[in-house]
Amino acid sequence: MLTAFYICICLMFQSQNDINVAINISGKQRMISQKLTKEFLLLMISPNDIKRFKQFNNTVNLFKYQLEDLKNGNPRLNIPKAMSQEII
């Protein structure tokens, strides 16, 4: 019985760790969306600035990759797949 309890505790903590990773990525997404807004506005001020355009493009790609990880999961990063289509 003690072994079963131990296994349940281990599984619970693993699941909690996976959820914590997803929560951290979600928080990063919020910060990245703010960064995107700032970079977009700076790009509108100087649309010919190649350095700003590259930075904006890199930020857009980072946002897209992390969003895909949250939607589809990423076993390498211990991110579980979204449990419901309503979330997506």
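What is the mean pLDDT of the chain, and what percentage of its residues reach 70 or more? In this predicted model, the mean pLDDT of the chain is 80, and 74% of its residues reach 70 or more. Residues 5-13 have a pLDDT below 50, and this stretch has zero contacts in the model beyond near neighbours in sequence.

**Overall make-up**

The chain contains two helices and zero strands. Of its 88 residues, 19% are buried, while the accessible surface of the chain comes to about 7100 Å², with 64% of that area belonging to carbon and sulfur atoms. When contacts between residues at least 6 apart in sequence are considered, 48% of them join residues at least 24 apart.

**Helix 2**

The buried residues of helix 2 include Phe 56, Thr 59, Gln 66, Asp 69 and Leu 70.

**Gln 29 and its surroundings**

Gln 29 is found in helix 1, which comprises residues 2-45. Its side chain reaches the backbone oxygen of Phe 63 at 3.1 Å. Leaving aside residues up to four places away in sequence, Gln 29 touches Leu 62, Phe 63, Gln 66, Leu 67 and Leu 70; of these, Gln 66 and Leu 70 are among the buried residues of helix 2.

**The aromatic pair**

The structure holds one aromatic pair. Phe 40 and Phe 56 form this pair, which is tilted, with 6.1 Å from centre to centre and 45° between the planes. Phe 40 lies in helix 1 and Phe 56 in helix 2, so the pair ties together parts that are 16 residues apart in sequence.

The relative accessible areas of the residues discussed individually are set out here.

| Residue | Relative accessible area | Class |
|---|---|---|
| Gln 29 | 7% | buried |
| Phe 40 | 39% | partly exposed |
| Phe 56 | 18% | buried |

Since buried means under 20% relative accessible area, Phe 56 at 18% counts as buried, whereas Phe 40 at 39% counts as partly exposed.

Key:
Residues numbered from 1 in each chain as written. Heavy atoms only, no water. Buried < 20%, exposed > 50% of the residue type's maximum accessible area, 1.4 Å probe, protein only. Helix = DSSP H or I, 4+ residues; strand = E, 2+ residues; numbered from the N terminus. pLDDT = per-residue confidence, 0-100. Contact = heavy atoms within 4.5 Å. Areas by Shrake-Rupley, 256 points an atom, 1.4 Å probe, with all protein chains shown as cover. Polar contact = N/O pair within 3.5 Å; in protein donor to acceptor, adjacent residues only side chain to side chain. Phe/Tyr/Trp six-rings, centres within 6.5 Å; stacked < 30°, edge-to-face > 60°.
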